[in-house]
Amino acid sequence: MDMANQARIKETAEKYGTDKVVVILGGAEAESAGLTAETVIAGDPTYAGPLTNVALGLPVYHIFELKDLIDPQVYEDQISMMEMVLNVEEIITEMSDIRSQYQDG
Amino acid sequence: MVSKEFFADKKICILGDRDGIPGPAIAECMQTVGGEILFTSTECFV
């Protein structure tokens, strides 16, 4: 997760409160999505950015996980093509694993 | 899993991926779910 986005997330969480902020990801791979999720929950695991040792505990979801909540036509237009080429199952499993590791699931 | 109600009063930060789902596509979707989108970004992990 790049430094600028870590800073933005940190500022946003401080301004609005960690109970009001949600992070939505579009990562292409389970590993990168998982790392980003870990960063906004438990802090930067690479100890490089503004979220180092800052455990915001933010709710974080991959857009694939929210399919049932999204208008079907919009999902079809915006997401369905990438859904065919990316490993959706692996990404959803990784997101769920990371959340249950740090949060209630 | 979360419900639409969960997002109703939330501030949403979108971190898209150039090789996955780009930020603007996620934003279009989230506009149909609820909450207020604060920022949309598209990262490149390469």
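Predicted model: local features only at pLDDT ≥ 70, side-chain atom pairs only at ≥ 80, totals over all residues.
**Helix α1 of chain A**

I went back along the helix itself. α1(A) takes in residues 3–16, which makes 14 residues. From first C-alpha to last it reaches 20 Å, close to the 20 Å expected at 1.5 Å a residue.

Next I checked which of its residues are buried. I found Asn5(A), Gln6(A), Ile9(A), Thr12(A) and Ala13(A) on that list. They sit on the same side of α1(A), because they cover an arc of only 130° around the axis. I reminded myself of the background: an α-helix has 3.6 residues a turn, so residues three or four places apart point the same way. On the other side of α1(A) I noted Met3(A), Ala4(A), Glu11(A), Glu14(A) and Lys15(A), which are exposed.

What do the buried residues of α1(A) pack against? In chain A, they pack against β1 (21–25) and α2 (30–42). They also pack against β1 and β2 of chain B.

**The sheet**

I then traced the strands. There is an open sheet of four strands, with parallel pairing, in the order β2(A)-β1(A)-β1(B)-β2(B). At the edges stand β2 (60–62) of chain A and β2 of chain B. Each has a single partner strand, so one side of each is left without a neighbour in the sheet. Direction ignored, neighbouring strands of this sheet are turned by 20° against each other on average.

**Chain B**

I listed the elements of chain B: two helices and two strands. From the N terminus on, they run α-β-α-β. The C-alpha trace of chain B spans about 35 × 20 × 15 Å along its principal axes. Of the 46 residues in chain B, 39% are buried. I also looked at contacts in chain B with a separation of 6 or more: 63% of them are between residues 24 or more positions apart.

How many bridges join β1 to β2 in chain B? I got seven, between β1 (residues 11–17) and β2 (residues 36–43), and the two strands run parallel. The chain gets from β1(B) to β2(B) through helix α2 (residues 23–30) of chain B, and this β-α-β crossover is right-handed. I wrote down two of the bridge partners: Cys13(B) has Phe39(B) in β2(B), and Leu15(B) has Ser41(B).

α2(B) lies across β1 of chain A together with β1 and β2 of chain B. Its direction is at about 145° to β1(B).

**Loops of chain A**

Last, I looked into some loops. Tyr47(A) is in the loop between α2 and β2 of chain A. The phi of Tyr47(A) is near 55°, positive in a residue other than glycine. Is Tyr47(A) buried or exposed? Tyr47(A) counts as exposed, because 9 C-beta neighbours lie inside 10 Å.

Asn53(A) is also in the loop between α2 and β2 of chain A. Asn53(A) is not a glycine either, yet has a positive phi of about 60°. With 8 other C-beta atoms within 10 Å, Asn53(A) is exposed.

I found Asn87(A) in the loop between α4 (80–85) and α5 (88–102) of chain A. Asn87(A) has 13 other C-beta atoms within 10 Å, so I put it down as partly exposed. From Asn87(A) to Ser32(A) I noted 55 residues in sequence and 13 Å in space, C-alpha to C-alpha.

Definitions and conventions: Residues numbered from 1 in each chain as written. Chains lettered and ligands numbered in written order. Pairing = 2+ DSSP bridges. Right-handed = clockwise from strand over helix to strand, strands pointing away. Expected span 1.5 Å × (residues − 1). Buried ≥ 20, exposed ≤ 12 C-beta atoms within 10 Å, placed from the backbone. Arc of directions from axis to C-beta. Contact = placed C-beta atoms within 7 Å. Axes fitted to C-alpha atoms, helices over the stretch in contact; angles between N-to-C directions.
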